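Dear colleague,

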Amino acid sequence: MDVFSPKAGFLSARIGLLALVSVAAAASGVALGPGPARAEVLARVPAAREMAVCGDILFVGTKRSSVYAVPVSGGRARRVASGFSAPNGVACSRGRLFVASSDRVTAFDIGPGGALSGRRDIRRGLPNSGAHNLRYIAVGPDSRLYVSFGSPCNICLPRGLQSTIVSMNQDGSDLRRVAWGVRNSVGFAWRGGTMFFTDNGADRMGDDIPPDELNALRPGGFYGFPYFGGRTRLKGFQDARPPAQQIPPVFEFQAHVATLGIHFFRSLGGDALVAEHGSWNRSVPVGRQVVRVRFRGGRPVSATTFLRGVGRPVDVKEAPDGSVLVSDDAGGAIYVFRR
């Protein structure tokens with residue numbers, strides 16, 4: 001088990017060439033990298049959600065009304081845009097920042113120090129996803145924007161573009177549905193040209209079903225909701241006939257851990273870190289940690305605890321120097337874990 005704890009100022013562990021080796025530690029856990037590693041708060045950002053590393057600036061979306069910029073090297077967070085409805089998603093490309101809020105996708109030009117200008121809405125009228133209105137956005141290897149639209153409910157039949165992931169050009173044109181039957185994805189990233197996305201399982205079916213999911217994108221594919229959660233038939237749809245063949249998950253997480261952001265790390269040999277935001281209605285709480293998903297032959301094979309003690313983690317990103325960045329919306333913080 002690879003475990004960090006930000007409660008320690010300096011922790012130490014030994015490392016192999018491409019993989020972290022589990023090391024016993026005292027009360028403070030186990031650290032990343034050869035020699036001392038330092039765990040610290042990079043910045044305070046209220047209700048911090050998705051992050052985007054744009055050169056030497058880290059942009060941070062929130063579930064309130066503002067977007068913040070933080071120097072990747074550390075420093076005070078600055079509000080650089082406001083007036084949104086839950087600007088959860090942020091992504092950058094070609095000198096521009098894209099913000100996905102509950103009702104639109106907005107583009108900005110990025111200036112020195114992370115200053116934003118030229119605000120323009122490139123897509124309006126996004127579908128109402130009710131309690132799952134926090135959008136995730138990323139730029140794919142094809143330079144298109146990918147945006148998630150959650151389900152409007154716990155378990156129900158979605159309408160239109162609810163429960164989908166879509167892609168569009170960077171001017172908002174040519175919107176395409178790339179995945180459907182997705183209950184609520186709040187994290188995706190690419191490995192070897194394949195997009196992998198997390199999906200939150202349904203609630204109120206007991207402590208242990210259905211699982212949270214990691215899926216591999218097959219463009220246009222159906223991922224089962226509301227008929228399936230993982231390979232489990234969902235309450236109210238046990239006998240209903242799905243409209244298409246389900247593409248099953250490539251990996252199943254424990255039920256209710258609330259898997260959100262995912263990122264593939266060069267510093268971890270191409271393995272992924274996944275933020276588990278944590279359960280809210282399980283009799284024994286689970287999640288509230290970051291897990292390392294190990295890949296073998298291009299497929300996920302295991303998930304182990306990587307770090308704990310960072311509140312309710314939402315997103316994970318890799319800084320240019322290989323450091324691990326984690327956002328925590330409950331504590332309003334961005335954590336950094338350096339080698």
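The torsion about the S-S bond of C153 and C156 is about -90°, so this disulfide (a pair of cysteine sulfur atoms within 2.5 Å) is left-handed. Its S to S distance is 1.9 Å. C153 has a relative accessible area of 17% and is therefore buried, whereas C156, at 22%, counts as partly exposed. Here buried means under 20% relative accessible area, exposed over 50%, and partly exposed in between, with a 1.4 Å probe and protein chains only.

Please note that this is a predicted model, in which local features need pLDDT of at least 70 and side-chain atom pairs count only at pLDDT 80 or more, while totals for chains, interfaces and linings use all residues. Residues are numbered from 1 along each chain as its sequence is written, and side-chain values use heavy atoms, with hydrogens and water left out.

The structure holds 2 disulfides. The other pair is C54 and C92, with S to S 2.2 Å. This pair links distant parts of the chain, 38 residues apart: C54 lies in strand β3 (residues 48-54) and C92 in strand β7 (residues 89-93). The torsion about the S-S bond of C54 and C92 is about -110°, so this disulfide is left-handed as well. C54 is buried at 13% relative accessibility, and C92 is partly exposed at 24%.

As for the protein chain as a whole, it has 0 helices and 28 strands; helices (H or I, at least four residues) and strands (E, at least two) are DSSP runs, numbered from the N terminus. Of its 339 residues, 59% are buried.

Yours sincerely
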